[in-house]
Amino acid sequence: MISVTERQHEIMETAMRLIADGGIQNCSIRNIASSIGVSEPAIYRHFKSKRSILSGILSNFSGGIGVSLDSLIKEKTDAMMKISSFLDEIAGLFTRKPMIASIVFSEEIFQNDRVLADLVYSVMNRTREGIRSILSDGQKKGTVRKDVGPDQLALMVLGSLRLLVTQWRLSGHTFELAGEVKKLSGTIGKLYRK
């Protein structure tokens with residue numbers, strides 16, 4: 001995670017809320033400044049541009065995911081328990097801050113900005129690699145089925161999570177994400193255990 005000041009955190013939170021409420025076009029320096037109650041130059045004292053604000057949001061999310069996965073990889077628990085813990089953590093984060101899901105799982109909003117698209121791609125790859133590592137270790141220990149490669153198993157975990165979070169977002173958060181993720185974890189465990 002990147003180190004941020006209290007004001008930078010406030011700016012990033014406001015930017016996420018603006019995107020969640022009205023899309024990327026709603027997130028402008030002017031709208032951020034207005035929402036916080038400061039001048040536009042005050043925003044520029046903390047970030048060079050809208051892109052640097054969005055980069056900060058994505059970097060912060062990526063750092064948090066990386067720390068979580070690194071910690072889980074080192075744990076001495078079963079691979080499927082690690083996957084379940086990770087999914088529970090993501091569900092909790094998105095439930096507390098749904099606007100993060102609006103950004104992380106809406107990577108198409110960054111498709112015209114190579115720097116931001118690369119950052120989102122990096123987050124996706126880092127997450128997939130962490131999940132793959134956990135599953136590969138489970139295969140080596142004989143607790144995860146070996147007839148499907150860890151790359152494909154990781155892709156199915158993350159694809160299922162993405163679909164579930166997207167349905168939750170598009171429904172206006174009308175169902176309890178944590179409960180549905182718990183069901184998903186149980187199903188994945190049944191399918192993946194050896």
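Modeller: In this predicted model, the buried residues of helix H5 are covered by parts that include helix H4 (50-74), helix H6 (98-104), helix H7 (114-140), helix H8 (150-170) and helix H9 (177-192). The residues of H5 that are covered in this way are Ala79, Met80, Lys82, Ile83, Phe86, Leu87, Ile90, Ala91, Leu93 and Phe94.

H5 itself runs over residues 79-96, which makes 18 residues. From its first C-alpha to its last it reaches 26 Å, close to the 26 Å expected at 1.5 Å a residue. At the start of the helix, Asp78 places a side-chain oxygen within 2.9 Å of the backbone nitrogen of Met80. Met80 is also one of the buried residues of H5.

Towards the other end of the list of buried residues stands Phe94. With a relative accessible area of 1%, Phe94 is below the 20% limit and therefore counts as buried. A search of the whole structure finds one aromatic pair. That pair is formed by Phe61 and Phe94, and it is stacked, with 6.2 Å from centre to centre and 15° between the planes. Because Phe61 lies in helix H4 and Phe94 in helix H5, the pair ties together parts that are 33 residues apart in sequence. Phe61 has a relative accessibility of 11%, so Phe61 counts as buried too.

Helix H4, one of the helices that cover H5, also holds Ser55. Ser55 counts as buried because its relative accessibility is 16%, under the limit of 20%. Leaving aside residues up to four places away in sequence, Ser55 touches Val115, Leu116 and Leu119.

Not counting residues up to four places away in sequence, Ile32 touches Ile11, Thr14, Ala15, Leu18, Cys27, Ile43 and Ile53.

Definitions and conventions:
Residues are numbered from 1 along each chain as its sequence is written. This is a predicted model: local features need pLDDT of at least 70, side-chain atom pairs count only at pLDDT 80 or more; totals for chains, interfaces and linings use all residues. Side-chain values use heavy atoms; hydrogens and water are left out. Helices (H or I, at least four residues) and strands (E, at least two) are DSSP runs, numbered from the N terminus. The expected span of a helix is 1.5 Å times one less than its number of residues. Buried means under 20% relative accessible area, exposed over 50%, partly exposed in between (1.4 Å probe, protein chains only). Contact means heavy atoms within 4.5 Å. A polar contact is a pair of N or O atoms within 3.5 Å; within protein, one must be able to donate a hydrogen and the other to accept it, and residues adjacent in sequence count only if both atoms are side-chain atoms. Rings of Phe, Tyr and Trp (its six-membered ring) pair if their centres lie within 6.5 Å; planes under 30 degrees apart count as stacked, over 60 as edge-to-face and the rest as tilted.
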